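Good morning, and thank you for coming.

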Amino acid sequence: MFEKTGIPSEEMIMGKFPSIERINKGAVAVVECYKEIPCNPCQTACKFGAIIIGEDINNIPKLYADKCTGCAVCLSKCPGLSIMVVDGSKLEETVEIKLPYEFVPLPKEGQIIKGLNREGEYITDVKVLKVLNPKSFDRTPLVTIEVDRKYLYEIRNIQVEV
Amino acid sequence: MKQAELVIIGGGPAGLCAAVSAARSGAKVLIIERNKDLGGQLLKQTHMFFGSEKQYASLRGIDIPAILISELEKYKERVEIIKEATVVGVFEDGVITVLEKEENYFKIAPKALVLATGAYEKYLSFPNNDLPGIYGAGAVQTLMNVHGVKPGNKVLMVGAGNIGLIVSYQLMQAGVKVEAILDAAPKIGGYLVHASKVRRMGVPILTSHTVKEAIGKEELEKAVISQVDEKFSPIEGSEKTLDVDVMCISVGLTPLNELLAMRGCKMKYIPQLGGLVPLRNENYETSVENLFVAGDATGVEEASAAMVEGFLAGLCAAEKIGYRLDNFEEMKNDYLKQLEELRSGPAGKHILSGIEQIVL
Ligand SMILES: Cc1cc2nc3c(=O)[nH]c(=O)nc-3n(C[C@H](O)[C@H](O)[C@H](O)COP(=O)(O)OP(=O)(O)OC[C@H]3O[C@@H](n4cnc5c(N)ncnc54)[C@H](O)[C@@H]3O)c2cc1C
């Protein structure tokens, strides 16, 4: 189905998430790159050797969650915007999620905006914690949101009402 | 008649890299580009490029020409650039004819040529496909990303290859609503990361669908789409009507290389490469001596491959006319290896099955 719709299956998504124990320890990347394409900026972006593609540039990137510091440098380097960072270490009820977001207007810190799933459907309201857009991100800003824990595996996008 | 050592036709990524490579070897280079600016397709690509960082992946396409041009400046005493000039003929005696700014027509006799003219868009036939509001993806990108003009408000994207997916994303960034992306193929042709990116913005991707007709008096008002079966025939009764004022046709590119055919290069029709392409050897020299090719004109691929092909063709063309770098072999092998790496995956296999049929 994925190849017909662009929507990954639950199984595919779960296969990309680090364990919940790892997520609860602190920020970690989720690399949702499911298909072989000739592309490797994520590997070069990671100073910790946590994303490995290897010899063949067509390989699917592999995340080594134990090496990942959740620094999020890879997020603005992935041309497919396929990477996010999740952090379950802050609060019981919620998780923090960092997403790349290349649209205007950017949300403001503290603002409540819509959280969307992988089909672009509204699932829940989320709170914006941080918006980063330094020059080194090259016009791919990162938005950190606080989300109800139960949507950890569902949330993948945000919508800012104009 | 103007004399020249090496003329490069087309100043896109392939042509610019060919120029850098040839000038670095010591050859005098003349680039002829029909547009006002160098950069070719790159000038419209506001998204981050996929590929290898060796070919500037992760940078935005629009930012790559400046890098190549500054590379070229290093050799500026050997580089001449004529813009807004179109090469209109390549003749048997090696002479080429150029029309500059639609008024100045002149001839050049170069020792060698690299043709890097890129590709042009295919079109789709359906009733009323000439209504205003129905554009090729290139035109939509030019309006939006070069001139800052919104092409309309509600778009139907026809074609779910990389271009269709990426232009849909750019339309949304410009505040335009994309109603749907459709494709007659049963599967999405473009990279799935790009598909997921537009899907999670809420845009449905309708595979096994086609456009039946466009409706409108003065301009596009509605599009009738329908499902297709395995044989790509529309399924009766599956029609749906969408209210859209823009239809963007993005059904692939075909190499732009009539100049080669005109000169008598041996050509072959290779579907995997997008259409008619010249036969060429490992150095990207065609069946006509001292006539080289590079980039989408040799087969539609990516800017990454186009740049490496440009470097390779420029290096070899310079060598052919007497400018051989000390580390020629090493450079050549490095470029060949880069191309091999780029084409080693599933998408590359398809391309390679086409290339096998054209290497002399
Ligand atoms: C929407 C879109 C997204 C893309 N995304 C990517 C990506 O993410 N990564 C990637 O690697 N590639 C991407 N590409 C592909 C890439 O842009 C092309 O493969 C690349 O530009 C081909 O380079 P080229 O130099 O062969 O041709 P072009 O870029 O087309 O340049 C050809 C040049 O020749 C000039 N010319 C043509 N005929 C004449 C003539 N007779 N006389 C003088 N000048 C002439 C043209 O004006 C043009 O400047 C994308 C393309 C599109 C359309």
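**The ligand and its surroundings**

A nitrogen atom of the ligand has a backbone N or O atom of B:Ala303 at 3.0 Å. This is a predicted model, in which local features need pLDDT of at least 70, side-chain atom pairs count only at pLDDT 80 or more, and totals for chains, interfaces and linings use all residues. Residues are numbered from 1 along each chain as its sequence is written, chains are lettered from A and ligands numbered from 1 in the order in which they are written, and side-chain values use heavy atoms, with hydrogens and water left out.

The ligand also has an oxygen atom 2.9 Å from a backbone N or O atom of B:Ala14. A polar backbone atom of B:Ala116 lies 3.5 Å from an oxygen atom of the ligand. How much of the ligand does the protein bury? Alone, the ligand exposes 1,000 Å², and the protein buries 95% of that (accessible areas by the Shrake-Rupley method with a 1.4 Å probe).

Around the ligand there are 34 residues, each with a heavy atom within 4 Å of it. The closest are B:Ala14, B:Glu33, B:Gln41, B:Asp296 and B:Ala303. By class, this shell holds 15 nonpolar, 14 polar and 5 charged residues; here Ala, Val, Leu, Ile, Met, Phe, Trp, Tyr, Cys and Pro count as nonpolar, Asp, Glu, Lys and Arg as charged, and the others, Gly among them, as polar.

**Pocket and cavities**

On a 1 Å grid over the protein atoms alone, a cavity is a set of points where a 1.4 Å probe fits but cannot get out; a pocket is an open set with protein on both sides within 12 Å along at least five of seven lines, and lining residues have an atom within 4 Å of a point. A volume is the space filled by probe spheres set on the points, which are joined across faces, edges and corners.

The second largest pocket has a volume of about 510 Å³. It is lined by 24 residues, and A:Phe103, A:Gln159, B:Met172, B:Val176 and B:Met201 are the closest to its centre. Its lining comprises 15 nonpolar, 6 polar and 3 charged residues.

There are 7 cavities of 30 Å³ or more. The largest cavity has a volume of about 160 Å³. Among its 23 lining residues, those closest to the centre are A:Cys33, A:Ile37, A:Cys39, A:Pro61 and A:Cys78.

**Two backbone details**

Finally, chain A. The peptide bond that joins A:Val104 and A:Pro105 is cis, with omega of about -5°. A:Arg139, although not a glycine, has a positive phi of about 70°.

Note on methods
Polar contact = N/O pair within 3.5 Å; in protein donor to acceptor, adjacent residues only side chain to side chain.
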